[in-house]
Amino acid sequence: MRLNKNTKKTILSAKRSKNEPQKSAATRKVNKKKNARTMRVYADHIRFFFGFVAMLIVAILWFQGYPQRVYTDTLEKLHKITTSLGFRVQEIIVQGRVNTKQQDLMQTLKINRGDPIFTIDLQQARFRLEKLEWVRHATVIRSLPDIIHIKIEERHPIAIWQHHNQFNLVDEDGTAILTKDYRHYGVLPLVIGEGAPQKSPDILKILKNFPNIQKNLQALSRVRERRWNIYLVGGVLVKLSDHSLSQGLILLEKLLTEQRLSINNVREVDLRTPERYFLKVTPETILRIKTNRKGRVA
């Protein structure tokens, strides 16, 4: 069956009319998606703009110091209120102060009677106190409503350090304490040389096990920050090595205990290699030995 041209056109137009509603529905869906995406983009831009403006306002206020002024004014008002209620420093109690001067302590503490007790920075006060020469450790406590408690642990001198014709005390941590009146702290071992304060606590602790060395000890000298020399009473020089320090001290204690080492006939003892030590005797001892030998030969 053949269709004429007019019939074909009618069929094509009918097909188009059927497909047009489907195409328009799809187009509307696409347009809705595009519109929604566009609105989200606009919303993001608007939020970014308002956020930027807010940050700009905050930055301007910050650089002008407005928040800081508000914070400071609020604190001042609070401190005035608490002070009026009795929360102000009326008493400062210090425990453990022996060698630290009271004037130096108060100047360093920077706390006065009448100060608002809540304005005191306890941590900073402790740091300032521990910078004092005699203060090893400090504790600062706020006791409401009006008392500041300070507990000080002072340094304990264990030796006197001679350095460039100056004398300083040395504590158990190896810290040098600058003081003019070092003789006030009793008879302490004398240490000499660079690096002596830092190393002296260790060797002085070891020497507690050697009573004869301690009894005859005159001074300890740090040599080139590598080893120790010991000066005994009478000027006897004993050379030691850090690598064999304990063995050398054991041998020296034995020599002193058995009286094999006399300050009258020995000038120097080299114990840097304890397995084979050397003695340097006095000229008088050498002369006496030669005389005795000649007498035997005769």
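Which residues does V238 touch, not counting residues up to four places away in sequence? In this predicted model, V238 touches W228, N229, I230, L232, L252, V269 and L271.

Start with the core around it. The largest nonpolar core holds 28 residues, and V238 and L220 touch the most other members. Several elements supply at least two residues each. The strands among them are β4 (157-163), β8 (217-223), β9 (227-232), β10 (236-239) and β11 (266-270). The helices are α5 (196-207) and α7 (245-257). Helix α7 gives the largest share, 6 residues.

Now follow the strands from V238. Strands β10 and β11 pair in the parallel sense, over 3 bridges. Within this region, V238 stands opposite V269 in β11. V269 is also one of the residues that V238 touches. Strand β11 has another partner, β12 (residues 278-281), joined to β11 by 4 bridges. Here the two strands run antiparallel. E268 stands opposite K280 in β12. How much of β11 is buried? The count is 4 of its 5 residues, so β11 is largely enclosed by the rest of the structure.

D270 brings charge into this region. D270 forms a salt bridge with R272, with the closest N and O atoms 2.7 Å apart. D270 counts as buried because its relative accessible area is 14%, under the 20% limit. R272 is partly exposed, at 34%.

Another salt bridge joins D242 and R222, at 2.8 Å from N to O. D242 lies in the loop between β10 and α7, while R222 sits in strand β8. The pair therefore ties together parts that are 20 residues apart in sequence. R222 is buried, with a relative accessible area of 7%. D242 is partly exposed, at 33% relative accessibility.

Next, turn to an open sheet elsewhere in the chain. This sheet has 3 strands in the order β1-β3-β2, and its pairing is mixed. Strand β1 runs parallel to β3 (residues 147-154), and 5 bridges join the two.

R126 forms a salt bridge with E130. Their closest N and O atoms are 3.2 Å apart. E130 is partly exposed, at 23% relative accessibility.

R136, E153, E172 and D173 are linked in a network of salt bridges. How many salt bridges does the structure hold? The total is 8.

Methods:
Residues are numbered from 1 along each chain as its sequence is written. This is a predicted model: local features need pLDDT of at least 70, side-chain atom pairs count only at pLDDT 80 or more; totals for chains, interfaces and linings use all residues. Side-chain values use heavy atoms; hydrogens and water are left out. A nonpolar core is a set of buried Ala, Val, Leu, Ile, Met, Phe, Trp, Tyr and Cys residues joined through side-chain atoms within 4.5 Å. Buried means under 20% relative accessible area, exposed over 50%, partly exposed in between (1.4 Å probe, protein chains only). Contact means heavy atoms within 4.5 Å. Two strands pair if DSSP finds at least two bridges between them. A salt bridge is a side-chain nitrogen of Lys or Arg within 4 Å of a carboxyl oxygen of Asp or Glu.
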